[in-house]
Amino acid sequence: MSPPEIATAGDSVWAQISGLAPKQLHMLRVIALDAKGVTLWEAPLVALAPPPQSDTAGRGWLMIFATALGRVNTN
């Protein structure tokens, strides 16, 4: 993972973090330091969970079952 790209605009500061593995949990904390490296404030730890896995196979079976059930009920 490379260091974040940090940008500022007025009172806002944001960072873009690249190189994170998309299927892993990542824990981040923001810490503000002064020019001497002394901590000014520290944010709580934040968890970035991976996106939920889509279960396309399960949805396919559900569609097949629902279609079959619909055909049985139409008689």
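Me: In β2, which residue is the bridge partner of Ile6?
Reply: Ile6 belongs to strand β1 (residues 5-9); strands (E, at least two residues) and helices (H or I, at least four residues) are DSSP runs, numbered from the N terminus. β1 and β2 pair in the antiparallel sense over 5 bridges, where two strands pair if DSSP finds at least two bridges between them. Across that pairing, the bridge partner of Ile6 is Ala15.

Me: What pLDDT does the protein chain average?
Reply: This is a predicted model, in which local features need pLDDT of at least 70, side-chain atom pairs count only at pLDDT 80 or more, and totals for chains, interfaces and linings use all residues. Residues are numbered from 1 along each chain as its sequence is written, and side-chain values use heavy atoms, with hydrogens and water left out. The pLDDT is the predictor's confidence in each residue, from 0 to 100. A score of at least 70 is reached by 68% of the residues, and the protein chain averages 76.

Me: Among the elements of the protein chain, which has the lowest mean pLDDT?
Reply: The protein chain has 1 helix and 6 strands, and along the sequence they follow the pattern β-β-β-β-β-β-α. Strand β5 (residues 39-42) has the highest mean pLDDT, 92. The lowest, 52, belongs to residues 56-73, which form helix α1.

Me: Which residues does Ile6 touch, not counting residues up to four places away in sequence?
Reply: Contact means heavy atoms within 4.5 Å. Ile6 and Gln16 are 10 residues apart in sequence, with their C-alpha atoms 6.6 Å apart in space. With residues up to four places away not counted, Ile6 touches Val13, Trp14 and Ala15.

Me: In the hairpin of β1 and β2, which residue takes a positive phi near 65°?
Reply: In this pairing Ala7 stands opposite Trp14 in β2. The hairpin has 2 residues between the strands, and the positive phi near 65° is taken by Gly10.

Me: In the hairpin of β4 and β5, which turn residue has a positive phi of about 90°?
Reply: Strand β4 (residues 31-33) pairs with β5 in the antiparallel sense over 3 bridges. Leu33 stands opposite Thr39 in β5. There are 5 residues between the two strands, and the turn residue with the positive phi of about 90° is Gly37.

Me: What distance separates the C-alpha atoms of Ile31 and Glu42?
Reply: Ile31 lies in strand β4 and counts as partly exposed, at 42% relative accessibility. Leaving aside neighbours within four places in sequence, Ile31 is in contact with Thr39, Trp41 and Glu42. Ile31 and Glu42 are 11 residues apart along the chain, yet their C-alpha atoms are separated by 4.4 Å.

Me: Which residues is Ala47 in contact with, leaving aside its neighbours within four places in sequence?
Reply: Ala47 is in strand β6 (residues 46-48) and is partly exposed, with a relative accessible area of 49%. His26 is 21 residues away along the chain, and its C-alpha atom is 5.8 Å from that of Ala47. Beyond the sequence neighbours, the contacts of Ala47 are Leu25, His26 and Met27.

Me: How many residues of the lining of the largest pocket come from β2?
Reply: A pocket, on a 1 Å grid over the protein atoms alone, is an open set of points where a 1.4 Å probe fits, with protein on both sides within 12 Å along at least five of seven lines; lining residues have an atom within 4 Å of a point. The largest pocket is lined by 17 residues, with Pro4, Ala15, Ile17, Arg29 and Val30 nearest its centre. β2 (12-16) and β3 (26-28) are the elements that give two or more residues to this lining. The largest share comes from β2, and the number is 3.

Terms used
Buried < 20%, exposed > 50% of the residue type's maximum accessible area, 1.4 Å probe, protein only.
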